[in-house]
Amino acid sequence: MYYTLEKKRYGVGLAAPQVGKSLAISVIDIKATPTRPHLKPFGATIINPAIVETFGKRTGLWEGCISCGVGNDTLYAKVLRYKKIRVRWQDERAHQREAVFEGIIAHVLQHEIDHLNGVLFVDRVRDNKTMITIGEYKKHYLPKTR
Ligand SMILES: [Zn+2]
């Protein structure tokens with residue numbers, strides 16, 4: 001899982017069911033990319049994670065999944081997510097952990113925990129008109145940088 005995530009330059013998380021393992025384990029590896037150059041890196045292995053508290057209302061955030069297409073043909077859509085959540089999990093040393101996360105980390109954790117519960121992000125899309133490919137997203141929504 002670490003290897004696969006390393007190879008997927010734009011991947012920020014990978015859940016065991018995505019690689020054919022029926023285990024409640026996700027690997028998170030958020031790194032800076034050309035489209036998000038100022039991102040502070042964050043990595044964690046989460047085992048048996050659960051969202052134990054949410055803060056505020058959900059808002060529509062764009063996301064994709066490395067299990068739903070390749071390169072610019074990867075599916076991308078607006079999904080309702082909480083901006084802030086409290087998560088309980090076990091780390092790779094089986095230590096019980098609990099923390100509050102915000103922003104992109106909270107977003108990625110909700111996507112990954114969904115994977116472990118058999119939910120794909122496309123199941124959470126409210127407005128099907130937002131279901132596009134990353135190629136279309138880049139063309140229509142990203143500012144032209146060069
Ligand atoms: Zn995914």
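Trainee: What mean pLDDT does the protein have, and which element has the highest?
Mentor: Because this is a predicted model, local features need pLDDT of at least 70 and side-chain atom pairs count only at pLDDT 80 or more, while totals for chains, interfaces and linings use all residues. Residues are numbered from 1 along each chain as its sequence is written. pLDDT is the predictor's confidence in each residue, from 0 to 100; the protein averages 92, and 99% of the residues score at least 70. Among the elements, helix H1 (residues 2–7) has the lowest mean, 85, and the highest, 98, belongs to strand E5 (residues 96–102).

Trainee: In what order do the elements of the protein run from the N terminus?
Mentor: Helices (H or I, at least four residues) and strands (E, at least two) are DSSP runs, numbered from the N terminus. The protein has three helices and six strands. Their order is α-β-β-β-β-β-α-β-α.

Trainee: Why does the radius of gyration agree with that of a compact globule?
Mentor: The radius is taken over C-alpha atoms, and the globule rule is 2.2 Å times the number of residues to the power 0.38. Along the principal axes, the C-alpha trace spans about 45 × 35 × 30 Å. For 146 residues the rule gives a value near 15 Å, which agrees because the protein has 15 Å.

Trainee: How many bridges join E3 to E4?
Mentor: Two strands pair if DSSP finds at least two bridges between them. E1 and E2 are antiparallel over three bridges, with Leu 14 opposite Val 27. E2 and E3 are also antiparallel, over six bridges, and there Ile 25 has Ile 47 as its partner. Ile 47 is in turn the bridge partner of Gln 90 in E4, and the antiparallel pairing of E3 with E4 has 13 bridges.

Trainee: Which residue in the hairpin of E4 and E5 takes a positive phi?
Mentor: E4 and E5 run antiparallel and are joined by seven bridges, one of the pairs being Lys 84 with Glu 102. Five residues lie between the strands of this hairpin. The residue with a positive phi, near 65 degrees, is Ala 94.

Trainee: Which residue of E6 stands opposite Leu 75?
Mentor: Strand E6 comprises residues 132–133. E4 and E6 run antiparallel, joined by two bridges. Opposite Leu 75 stands Thr 133.

Trainee: How many residues of H2 are buried?
Mentor: A residue is buried if 20 or more other C-beta atoms lie within 10 Å of its own, exposed if 12 or fewer, and partly exposed in between, with C-beta atoms placed from the backbone. Helix H2 (residues 103–116) reaches 21 Å from its first C-alpha to its last, close to the 20 Å expected at 1.5 Å a residue, where the expected span is 1.5 Å times one less than the number of residues. The cover over its buried residues includes E1, E2, E3, E4 and E5. H2 is mostly covered, and of its 14 residues the number buried is 12.

Trainee: Which residues are in contact with Leu 109, leaving aside its neighbours within four places in sequence?
Mentor: Two residues are in contact if their C-beta atoms, placed from the backbone, lie within 7 Å. Leu 109 is one of the buried residues of H2. With those sequence neighbours set aside, its contacts are Ile 85, Val 87 and Phe 101.

Trainee: Is Glu 136 buried or partly exposed?
Mentor: Glu 136 is found in helix H3 (residues 134–141). Because Glu 136 has 13 C-beta neighbours inside 10 Å, it counts as partly exposed.
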